[in-house]
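Please report on this model.

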There are 2 protein chains.
Amino acid sequence: MGNNAHEKKIYLITGNPHKFEEINALFKNHFLNYKLELKNAHPIEIQADDLVEVALFKLNSIKDKINDSCFVEDAGFFIDHPLQGFPGVYSSHVFKKIGNQGILKLIDDPSRSRARFKAVIALYFKPHDKVYVFEGEVLGKVAAKIRGSQGFGYDPIFIPNAMPHKTFGELTKEEKNNLSHRAMAIKKLIDFLKKNP
Amino acid sequence: MGNNAHEKKIYLITGNPHKFEEINALFKNHFLNYKLELKNAHPIEIQADDLVEVALFKLNSIKDKINDSCFVEDAGFFIDHPLQGFPGVYSSHVFKKIGNQGILKLIDDPSRSRARFKAVIALYFKPHDKVYVFEGEVLGKVAAKIRGSQGFGYDPIFIPNAMPHKTFGELTKEEKNNLSHRAMAIKKLIDFLKKNP
């Protein structure tokens with residue numbers, strides 16, 4: 001039946017099935033000793049300026065209820081210049097309200113902008129009874145206009161430095177997995193799990 | 001010594017001394033049986049779309065530590081048209097990042113905008129061992145440009161319907177106290193305290 005009797009479970013806490021599918025695909029590529037399971041719980045999301053703080057609070061608000069290895073993943077889009085990091089930890093809320101059109105109105109000279117996508121994973125690892133943090137970040141800038149239909153959220157207005165002629169919205173899934181903030185953080189988590197099978 | 005031996009204490013939980021002064025001035029006008037005290041605690045501020053939810057969570061995260069009557073006050077600026085309520089519960093964070101200049105860039109036709117200031121007070125009233133909520137709201141629109149130097153935050157870009165030729169930033173303290181969202185919520189709290197001396 002393909003299942004390893006000694007396979008361990010690890011829970012991804014999210015209400016977003018899309019996120020689960022994306023992370024699960026990466027897990028399956030690596031023949032890990034862990035099986036990813038979706039846990040649709042309701043952790044507490046605080047207002048804070050730092051993504052790590054938000055992720056740790058979220059994890060700590062829920063790990064005792066799960067009582068097994070589990071993690072949360074949080075991502076944000078930070079426009080360091082000229083918006084002092086906005087929308088940052090509030091990325092998803094801001095996107096729902098003003099969208100990419102709104103963001104572009106706030107930037108006078110996109111060619112001089114500095115932006116980054118950041119992902120944070122906070123893991124409670126039961127065998128060590130400890131919490132670990134894994135981060136991934138991609139640097140780039142804001143595009144002059146919306147381009148591309150791949151991905152979601154701010155992808156069509158973000159140009160990564162590593163591929164300076166394309167937005168994230170114009171990359172294939174494979175291209176994006178090679179350089180995305182989320183893939184980077186997940187790879188660090190997978191390396192950790194390989195060392196702790 | 002002026003102090004009433006039977007005077008009771010009520011705690012305002014805030015890190016903002018300016019907010020304390022403003023509310024204390026209103027309390028002192030009313031010869032209440034309660035003395036307002038500042039409590040600089042650190043309640044938990046959650047990400048939620050609703051101001052009442054944020055205030056209740058904040059109060060509940062801290063009231064057991066205080067173990068006496070106490071309240072929190074939260075306010076937000078909601079641009080219902082054309083920004084679907086943005087910046088709303090994130091008003092203070094958004095203000096720090098993009099300011100009034102940023103907000104004005106997001107609004108193509110301010111004359112057709114609809115905006116409101118809202119304040120919410122969540123009170124834990126020890127004699128009843130119960131939580132009460134008091135709300136105040138002012139309707140208006142967004143100004144075409146920044147006007148006036150009174151008040152703070154979004155005041156210079158908000159025109160209340162009740163005084164359609166002035167922004168909140170152009171009102172005197174007395175004028176603002178007659179119609180502001182915060183004053184309205186505080187008056188409801190004061191009425192409650194008068195009925196429960």
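A:Ile146 is found in the loop between strand 6 (130-142) and strand 7 (158-160) of chain A. Helices (H or I, at least four residues) and strands (E, at least two) are DSSP runs, numbered from the N terminus. The model is predicted: local features need pLDDT of at least 70, side-chain atom pairs count only at pLDDT 80 or more, and totals for chains, interfaces and linings use all residues. Residues are numbered from 1 along each chain as its sequence is written, while chains are lettered from A and ligands numbered from 1 in the order in which they are written.

A:Ile146 has 17 other C-beta atoms within 10 Å, so it is partly exposed. A residue is buried with 20 or more other C-beta atoms within 10 Å of its own, exposed with 12 or fewer, and partly exposed in between; C-beta atoms are placed from the backbone. Beyond its neighbours within four places in sequence, A:Ile146 is in contact with A:Asn100, A:Pro156 and A:Ile157. Contact requires C-beta atoms, placed from the backbone, to lie within 7 Å. A:Asp68 is 78 residues from A:Ile146 in sequence and 42 Å away in space, C-alpha to C-alpha.

Now the whole chain. Chain A has seven helices and seven strands. Their order along the sequence is β-α-β-α-α-β-α-β-α-β-β-β-α-α. The C-alpha atoms of chain A fill a box of roughly 55 × 35 × 25 Å along the principal axes. Of its 197 residues, 35% count as buried. Among contacts in chain A between residues at least 6 apart in sequence, 60% join residues at least 24 apart.

The largest nonpolar core has 90 residues. A nonpolar core is a set of buried Ala, Val, Leu, Ile, Met, Phe, Trp, Tyr and Cys residues joined through C-beta atoms within 7 Å. Those with the most contacts inside this core are A:Ile121, A:Phe158, B:Phe71, B:Ile121 and B:Phe158. Leaving aside neighbours within four places in sequence, B:Phe158 touches several residues, including B:Phe77, B:Phe117 and B:Phe168.

How many residues does each chain bring to the contact? Chain A gives 15 residues and chain B gives 15 residues. Helix 5 (residues 91-105) of chain A supplies the largest share of the side of chain A that touches chain B, five residues. The copies meet through the same surface, because 100% of the interface residues of chain A are also interface residues in chain B.

| Site | Feature | Angle |
|---|---|---|
| A:His81 to A:Pro82 | cis peptide bond | omega about 5° |
| B:His81 to B:Pro82 | cis peptide bond | omega near 5° |
| A:Asp129 | positive phi, not a glycine | phi about 50° |
| B:Gln84 | positive phi, not a glycine | phi near 50° |

A:Pro82 sits in helix 4 (residues 80-83) of chain A. A:Asp129 lies in the loop between strand 5 (114-125) and strand 6 of chain A. With 7 other C-beta atoms within 10 Å, A:Asp129 is exposed. B:Gln84 is in the loop between helix 4 and strand 4 (86-88) of chain B. It has 13 C-beta neighbours inside 10 Å and so counts as partly exposed.

Conventions: Contact = placed C-beta atoms within 7 Å.
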